[in-house]
Amino acid sequence: MLLHTEHLTGGYRDHSVIHDLHLTLQPGEWLSLIGANGSGKSTLLKLLNRLLIPQQGAVWLDGKAIHSLPAQIVAQTLAWLPQQSIAPAGLTVRQLVSLGRTPYQPWWQWELNADDRDQVETAMAQVQVQQFSDRPVEQLSGGERQRVFLALALAQAPKVLLLDEPTTYLDIHYQLELLELLRRLNREQNLTIITVLHDINLAARFSDRLALLRHGCLWAIGTPVDTLTLENLRQVFDIEAAILQTPVGLQVCPLTPASI
């Protein structure tokens with residue numbers, strides 16, 4: 001098990017958002033967290049990423065309690081792409097992506113060595129941003145910036161990639177482009193991915209498994225076919241829906257709020 005939780009409970013100060021959650025992620029798997037607003041998706045991601053300390057239970061990374069590990073060691077295995085990423089003004093694409101090599105550098109080393117430079121160039125090539133590597137990040141479009149920050153995460157050479165709403169603020173073209181890129185990295189590099197997605201159909205289309213959260217608890221987990229049932233959609237999203245078989249697999253057609 002590459003990443004798993006045991007009795008994980010956590011939130012903010014004395015308020016618990018996630019309750020007694022057990023979750024296991026296998027190498028090379030793509031898991032998406034879905035649920036209604038306030039169900040705990042982003043909070044769970046922050047617990048997995050050490051941004052929040054569990055109130056109870058633990059998160060295990062490669063068999064070690066993640067909150068007991070030095071941040072530098074965690075960053076060599078796990079990378080994180082938040083909802084909104086902001087680059088310092090004037091920083092070029094190459095300079096930003098180069099920051100991904102920080103976990104591998106001693107504190108006294110400022111310049112990248114040859115291996116680090118190769119990793120940076122590889123990461124930029126993987127997401128196809130090398131053509132504007134010398135441009136300031138703030139001059140790029142939203143889709144281009146999202147790819148650059150993904151290159152920053154890939155430069156860490158992680159085994160696990162966590163992404164919180166990576167398609168936010170992107171139009172449908174760039175949403176599909178980004179998710180297709182993630183799927184290619186997932187398959188070609190055996191990269192393990194956890195995404196928080198609001199769009200049920202994008203989650204169903206690209207993920208191996210879905211974790212449905214309801215009031216901070218794990219309501220259901222499994223393949224899209226197993227989890228996206230009419231009853232689960234009614235309980236988790238409070239909607240009546242139709243389940244459709246399409247050229248891209250199972251998709252959900254919302255009909256009405258379940259309370260009507």
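**Exercise 1. Find which residues have the most contacts inside the largest nonpolar core, and which elements build this core.**

Step 1. The largest nonpolar core holds 37 residues, and those with the most contacts inside it are Val 93, Leu 96, Val 97, Val 148, Leu 150, Leu 161 and Leu 182. A nonpolar core is a set of buried Ala, Val, Leu, Ile, Met, Phe, Trp, Tyr and Cys residues joined through side-chain atoms within 4.5 Å. Buried means under 20% relative accessible area, exposed over 50%, and partly exposed in between (1.4 Å probe, protein chains only).

A word on the model: it is predicted, so local features need pLDDT of at least 70 and side-chain atom pairs count only at pLDDT 80 or more, while totals for chains, interfaces and linings use all residues. Residues are numbered from 1 along each chain as its sequence is written, and side-chain values use heavy atoms, with hydrogens and water left out.

Step 2. Two or more residues each come from strand E6 (78–81), helix H3 (93–98), helix H4 (114–126), helix H5 (142–154), strand E7 (160–164), helix H6 (172–188) and helix H7 (200–206). Helices (H or I, at least four residues) and strands (E, at least two) are DSSP runs, numbered from the N terminus. H5 gives the largest share, seven residues.

Step 3. Now zoom in on Leu 150. Leaving aside neighbours within four places in sequence, Leu 150 is in contact (heavy atoms within 4.5 Å) with residues including Leu 81, Leu 161 and Leu 182.

**Exercise 2. Work out the strand order of the open six-stranded sheet, and which strands stand at its edges.**

Step 1. The order is E6-E7-E8-E3-E9-E10, with mixed pairing; two strands pair if DSSP finds at least two bridges between them.

Step 2. E6 and strand E10 (217–222) are at the edges with a single partner strand each, so one side of each has no neighbour in the sheet.

Step 3. Look inside the sheet: E7 and E8 pair in the parallel sense over five bridges, and Leu 161 stands opposite Ile 193 in E8.

**Exercise 3. Decide where the buried residues of helix H9 (residues 230–237) lie around its axis.**

Step 1. The buried residues in H9 are Asn 232, Leu 233, Val 236 and Phe 237.

Step 2. These residues cover an arc of only 100 degrees around the axis, so they are on the same side of H9. The arc is that of the directions from the helix axis to the C-beta atoms.
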